[in-house]
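The following note sets out some remarks on the model under review.

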Amino acid sequence: MSAPGRSSPLRLPALPSPLRAFVAAIVLALLAFAIFGPLLNLLLWAFAERWYFPSKLPSEFGLTYWYRVFQPRGNALASLGTSIWIAVLTVLFSLAVAIPAGYALARLKLPWRGAILLVFLLPQAVPNLPVYVNIAQVFYQIGLNGTIIGVVLVHASHGLVLAVWIASAAFASVDVSLEEASRNLGASAWTCWRTVTLPLAAPGLIASAIFVFLESLDEFTGTYFVGVPDVTTLPLLMFNATMGGNYQISSITALLLLIPSIGFMLVVERFLKADVLAMVGR
Amino acid sequence: MATVATRRPIADRAIGLVLIAPALAVVGLFFVAPLLMSAVVAFRGKEGGFTLEHFAKAFDFYTTDLLFTLWIVVLSTLLIGLVAIAIAGYLTLGGHPRSVAILRWLYRWPLFIPFVVAGQLMRTFLAKNGMLNHVLIGSGLIEPLSAQSLLDWRGIVVAFVWKQAPFVTLLLAGAMASLETQHIEAARNLGARRLRVLIDIVLPQVRGTLLVGLVLSFVTMLSVLSVPLMINPNSPTMMTVDVAYRISTHGDYPVANALCLLSLGLAAIGAVFYLRQAARSAEAT
């Protein structure tokens, strides 16, 4: 089993394999509790009618709060609509500018390439708070505060960067020889891009669209500063309910936010292959 | 007939700039400009002119919070790195196919859960009457009387690691999966233990990816407002909460911007790490 004559401080006595399997099972169980415990707790709160200190479980389960959240003119449905509308606009806007930029970064010789990369690094590499604080002040003066467009612009300036990175990684992972083959067979640059490059990069681009969608859907701080008082997205509604001590309403809202997040998590690797991930940040 | 080899470099550059211009304009207008504005506002006195009084005030009121923020973010980053290395390492080198499959399915759940939801989850899970304490008491690990609320700096760290570790793990496991397996197999055939293979052979090759993930997490955590606001809003707290408070309660933009610039300074430390790594990998290729 072990190389003769080689000792290291890391060498531990090998565990017999049943014991090893037992340790692995314990560690996995603890990890499962750490990950699902908080989610389970949320589920309990979402269906709790009454839950008083110090009982371990709610004394009564029910759907009263669900009716309250989903009543036809309730805040939650309106916020859900606002959130989705903002996210869709953010995706369209971000991809429209990110796809050409990502392609240029991956394939064309650009002057000041380092400086351009640095600019696209900024929104992810710099704390966003100063930006939101000042943009809120400017938007207030020009009447964009509390408007959908204002929130979309803030979300897009952040999501766009992710989209540029992923798009550029997706284009970079397309095999150049395929493009060259199509060009040598007489395809124009545009035809080659449309029929070879774009379809091969499509999974990465779809992934970037989903990333931007989710990021916009979940965004809190920017909306907190720029959206007030008229744009209430789902995260803001949830936050207000939590701070108001209404744990049932906030748990139900949190569940609504969890559905797309977990759904995407389950399929992400179908879109984002290891070869694209390895190109991110290069 | 056009071939790729005969492209004219100048036309190529012009096309590149045209393609990239809209994206640059959006980031410039709605990100870089407000950022520069922050620097101006933080240094401008009431009657104009340069002043440091806002920074003096910021340090006067919030030095504790600055250190508190640094402590939380550094500790969280280290823990995220350890968790990510452990999980990604096991996914790459683990011997039990079934354990590897379970772990791969398990670790990713928090990946895209927003911070604001993670804050809400931990606010109920870690409370004195939360599920964590119930389970600890039920399993006899602690006495009911010694149950305590973790909703202070520890709660923020837990929420950050819970949310951010899967992201770094995903990047790291992706990088490890695309490594050449020959070295790993050779070392294994020579009898090297898995931990040694991980530390000596695998980790050095994915250092860049790990660092990128950690720097992104470091900076992200610096600007999260919702988690500290929900878990630990009272002093000492994180600087994001102070900024929101200066604005919503006092309308005090200069001091708020001074605080923002201070957290930018913290992020700059992370950026230096990143740039050094980027420069090194550029040399290598």
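1. At roughly what angle do the axes of helix α2 and helix α3 of chain B cross? In this predicted model, the axes of α2 (residues 53-93) and α3 (residues 97-106) of chain B cross at roughly 140° and come within 9 Å. Angles over 145 degrees would count as roughly antiparallel; α2(B) and α3(B) are therefore described as oblique to each other. The crossing of these two helices is left-handed.

2. The residues that form this helix pair's contact can be named. From α2(B) come B:Ile87, B:Tyr90 and B:Leu91, and these meet B:Val100, B:Leu103 and B:Arg104 of α3(B). By class, the contact of α2(B) with α3(B) has five nonpolar residues and one charged residue, with no polar ones.

3. Helix α4 of chain B (residues 115-125) deserves a separate comment. Of its 11 residues, 11 are buried, so α4(B) is largely enclosed by the rest of the structure. The buried residues of α4(B) include B:Phe115, B:Val116, B:Val117, B:Leu121, B:Met122 and B:Phe125. Also among them are B:Gln120, B:Arg123 and B:Thr124. For chain B as a whole, 47% of the 285 residues count as buried.

4. On the overall fold, chain B comprises 11 helices and zero strands. Its pattern along the sequence is accordingly written α-α-α-α-α-α-α-α-α-α-α. Among contacts in chain B between residues at least 6 apart in sequence, 74% join residues at least 24 apart.

5. The C-alpha trace of chain B spans about 80 × 70 × 30 Å along its principal axes.

6. Finally, the interface between the chains. Chain A contributes 83 residues to the contact and chain B contributes 82 residues. On the side of chain A that touches chain B, the largest share comes from helix α1 of chain A (residues 17-46), with 12 residues. That side of chain A divides into 60 nonpolar, 16 polar and seven charged residues.

Definitions and conventions:
Residues numbered from 1 in each chain as written. Chains lettered and ligands numbered in written order. Predicted model: local features only at pLDDT ≥ 70, side-chain atom pairs only at ≥ 80, totals over all residues. Axes fitted to C-alpha atoms, helices over the stretch in contact; angles between N-to-C directions. Helix = DSSP H or I, 4+ residues; strand = E, 2+ residues; numbered from the N terminus. Parallel < 35°, antiparallel > 145°, perpendicular 65-115°, else oblique. Left-handed = near helix turned anticlockwise from the far one by under 90°. Contact = placed C-beta atoms within 7 Å. Nonpolar A, V, L, I, M, F, W, Y, C, P; charged D, E, K, R; others polar. Buried ≥ 20, exposed ≤ 12 C-beta atoms within 10 Å, placed from the backbone.
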